[in-house]
Amino acid sequence: MNNEFSELVKQEWTVDDTAKAWRKWHNKLVPHLASLTKVLLEAAAIQPGAKVLDIASGSGEPALTISEMLGPTGKVTATDLSTGMLKIAEDNANKANKNNLEFKQADVHELPFEDSSYDVVTCRLGVMYFWDCQRALREIGRVLKPGGVASFVAWGDVSQNGLVRSIIGPFANRKELPTPPPSAPHPFRFAKEGSLTAELKSAGFSQVNEQTHIVPCPWPGPPEELLNQVYEIAIPFQPFFNSFDNQDRQQVEQEVIANLNTFYDGINTDPSICIVAAKAVR
Ligand SMILES: C[S@@+](CC[C@H](N)C(=O)[O-])C[C@H]1O[C@@H](n2cnc3c(N)ncnc32)[C@H](O)[C@@H]1O
């Protein structure tokens, strides 16, 4: 079940520094990525009392938001490959006194759950990292009840993504960003329209509906802080950022900050982003 990419994904997401950075920025990431949660959950149409499995929950979203929709009889199971990430989610749930959430470390390629046990599966910004996407999607199908819904959000087209263009653009203008093979896990793996639909259909899902959305992503702080946050949590891009020497990096950063300043109103830095949302039925 492991393949050439599995070790890389595990390494990126399970090292201590990754969890430390997500813990540090969680409270600001909530509003920053709230539009993604909205799109994801509108498609999922979760009902009170539902049993929901959230895959790749990271520091807790969207599982924490879902827990508010379920009422006393519903339950959301938050899962992630990384115990460090999941611990942040659990700490955040405890702080908010939530008791309809449970936490389970799990690799999506081998889910430790019975067949047909969930009404809904959600996954925000995780599907791009599944190193054997067909196996992972079939696992999701297996644990969904017949007629159950799976809802995904992934990064969309870079050219329509103000955040990514502003930050990665000045770096990529100086040095070509390495292009990963199509099946390699990376943030923009499903940016091409229809690519996630094709995976879902071949994994046996029906009624697949994929849509592209341009949504706001207000960062509650100045551009410099947004950039620091991206350096710290955009794990797959770190080798590329770190390949620039100090002098080049300083120059590039000035351009990045100038780009981001065009989106700064003194409170939020709010470049729009492009996302792909796909919903499918088992
Ligand atoms: C970009 S973060 C998204 C976290 C959260 N859902 C959010 O939107 O803030 C990607 C998450 O996917 C998780 N992940 C990567 N591969 C996974 C796998 N095979 N099984 C489960 N989780 C995985 C990582 O550990 C990481 O927490």
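**Entry 1: helix H9**

I looked up helix H9 (residues 223–233) and found that its buried residues are Pro223, Leu226 and Val230. These residues cover an arc of only 60° around the axis, which puts them on the same side of H9. The arc is that of the directions from the helix axis to the C-beta atoms. For burial I counted C-beta atoms, placed from the backbone: a residue is buried if 20 or more others lie within 10 Å of its own, exposed if 12 or fewer, and partly exposed in between. Helices (H or I, at least four residues) and strands (E, at least two) are DSSP runs, numbered from the N terminus.

I note that this is a predicted model, in which local features need pLDDT of at least 70 and side-chain atom pairs count only at pLDDT 80 or more, while totals for chains, interfaces and linings use all residues. Residues are numbered from 1 along each chain as its sequence is written.

Next I asked what the buried residues of H9 pack against. They pack against helix H7 (162–174) and helix H11 (246–261). Contact here is between two residues whose C-beta atoms, placed from the backbone, lie within 7 Å.

**Entry 2: helix H11**

I checked the length of H11: its 16 residues should span 22 Å at 1.5 Å a residue, and its end C-alpha atoms are 22 Å apart, which agrees. The expected span is 1.5 Å times one less than the number of residues.

In H11 I found Val252, Val256 and Leu260 buried. Seen down the axis of H11, the buried residues fall within an arc of 80°, so they line one face of the helix. An α-helix has 3.6 residues a turn, so residues three or four places apart point the same way. On the other side of H11, I found Gln247, Gln250, Gln254 and Ala258 exposed. The buried residues of H11 pack against H7 and H9.

**Entry 3: helix H5**

Helix H5 (residues 83–95) has 13 residues, and I read 18 Å from its first C-alpha to its last, close to the 18 Å expected. Its buried residues are Gly84, Met85, Leu86, Ile88, Ala89, Glu90, Asn92 and Ala93. What covers them includes helix H1 (6–14), helix H2 (16–32), helix H4 (63–67), strand E2 (75–80) and strand E3 (101–105). Just after H5, I noted that Asn97 takes a positive phi of about 55°.

**Entry 4: the loop between E1 and H4**

I then went to the loop between strand E1 (51–54) and H4, where Pro62 lies. A cis peptide bond joins Glu61 and Pro62, with omega about 15°. Ala56 lies in the loop between E1 and H4 as well. Its phi is near 60°, a positive value in a residue other than glycine. Is Ala56 buried or exposed? Ala56 is buried, with 26 other C-beta atoms within 10 Å.

**Entry 5: single residues**

Ser116 is found in the loop between E3 and strand E4 (118–124). I noted for Ser116 a positive phi of about 50°, although it is not a glycine. Ser116 is partly exposed, with 14 other C-beta atoms within 10 Å.

Thr79 lies in strand E2. With 25 C-beta neighbours inside 10 Å, Thr79 counts as buried. Leaving aside neighbours within four places in sequence, I found Thr79 in contact with Leu53, Asp54, Ile55, Ser57, Lys104 and Ala106.

Gln207 is in strand E6 (residues 206–215) and is exposed, with 11 other C-beta atoms within 10 Å. Apart from neighbours within four places in sequence, Gln207 is in contact with Ala280 and Val281.

**Entry 6: the core**

Last, I looked up the largest nonpolar core, which has 82 residues. Such a core is a set of buried Ala, Val, Leu, Ile, Met, Phe, Trp, Tyr and Cys residues joined through C-beta atoms within 7 Å. Val121, Phe152, Ala154, Ile275 and Ala277 touch the most other members. Not counting residues up to four places away in sequence, Ala154 touches Leu125, Val127, Met128, Phe190, Leu196, Ile275 and Val276.
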